[in-house]
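Reader: Could you take me carefully through one part of this model, the pairing of its strands and the salt bridges that go with it? I would like the cut-offs behind each term to be stated as you use them.

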Amino acid sequence: GRRRRRDNQHARAERKGERAGEMALQQLQRQYLAMVPLHLVEWPQTPEAAESVFGDEGQAQVMAEMVRHPAAIAHPPATAYVRAFLKRLIREAESRGYAVSDELYNACAQLFSAESAELTAAGSGEDVGSAKGEGEFCYKTYLWPHAGLQVTLREAVQLLSQGTTGLSTWGAALALSEYMLMDTQRALVAGRTVVELGAGLGLASLCVAAAVPPRSQ
């Protein structure tokens, strides 16, 4: 009986660790695709969470579910952000004593090589295509796994762009979206006529319309 109890406790601890690891990877994925500023990114803290991100399998998951996520391929985040994120990811892994995979190193190296080539071309006066336009706008993807919802928006990289602050998603819109997607709040708009004032890029309205179709919007 005592041995069975120990086995059950060990199994529960393993399942708890696996859930913590999955949640850490999912949280990092959401932050990466939404281009959360690096100084605000929450990195794994517990050993189980760290292993799920920085371990061999974790780094492979990062590449598959973030860098090569279908949304990131079709509508990529800003290249400068991806470059900075991977650089920080490598630093975080190394500071915890993890060996960085060749795949992750190569992905980072390719981004820095591309940056060097662009700077060289710009310095020589060569045409670097639409680099300016690509630098002004990027794509941010917002994920709500519990609601089965994904929203991708084309946004200005800078908060103030083209004389307006309406080309970027504000934190308030993200907070309102999170709030309205809570199970307890969906009934507030179900079947109702909804008008969002000062909608900006319309993140909150898109979330409400997709998750809880109102009568009209």
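**The strand pair and the salt bridges**

Author: Strand β1 (residues 137-144) and strand β2 (residues 149-156) run antiparallel to each other and pair over eight bridges, where two strands count as paired if DSSP finds at least two bridges between them, and where strands (E, at least two residues) and helices (H or I, at least four) are DSSP runs numbered from the N terminus. The model is a predicted one, in which local features need pLDDT of at least 70 and side-chain atom pairs count only at pLDDT 80 or more, while totals for chains, interfaces and linings use all residues. Residues are numbered from 1 along each chain as its sequence is written, and side-chain values use heavy atoms, with hydrogens and water left out.

The two strands form a hairpin with four residues between them, and Gly148, in the turn, has a positive phi of about 60 degrees. Trp144 stands opposite Leu149 of β2.

A search of the whole structure finds five salt bridges. One of them joins Glu103 to Arg68, with the closest N and O atoms 2.7 Å apart; this pair links distant parts of the chain, as Glu103 belongs to helix α6 (residues 102-123) and Arg68 to the loop between α3 (56-67) and α4 (70-74), 35 residues apart. Glu103 counts as partly exposed at 33% relative accessibility, and Arg68 is likewise partly exposed, with a relative accessible area of 41%.

Arg88 forms a salt bridge with Glu92, the closest N and O atoms being 2.8 Å apart, and both residues lie in helix α5 (residues 79-95), four residues apart, or about one turn of the helix. Glu92 counts as buried at 13% relative accessibility, and a network of salt bridges links Arg88, Glu92 and Arg96.

Terms used
Salt bridge = Lys/Arg side-chain N within 4 Å of Asp/Glu carboxyl O. Buried < 20%, exposed > 50% of the residue type's maximum accessible area, 1.4 Å probe, protein only.
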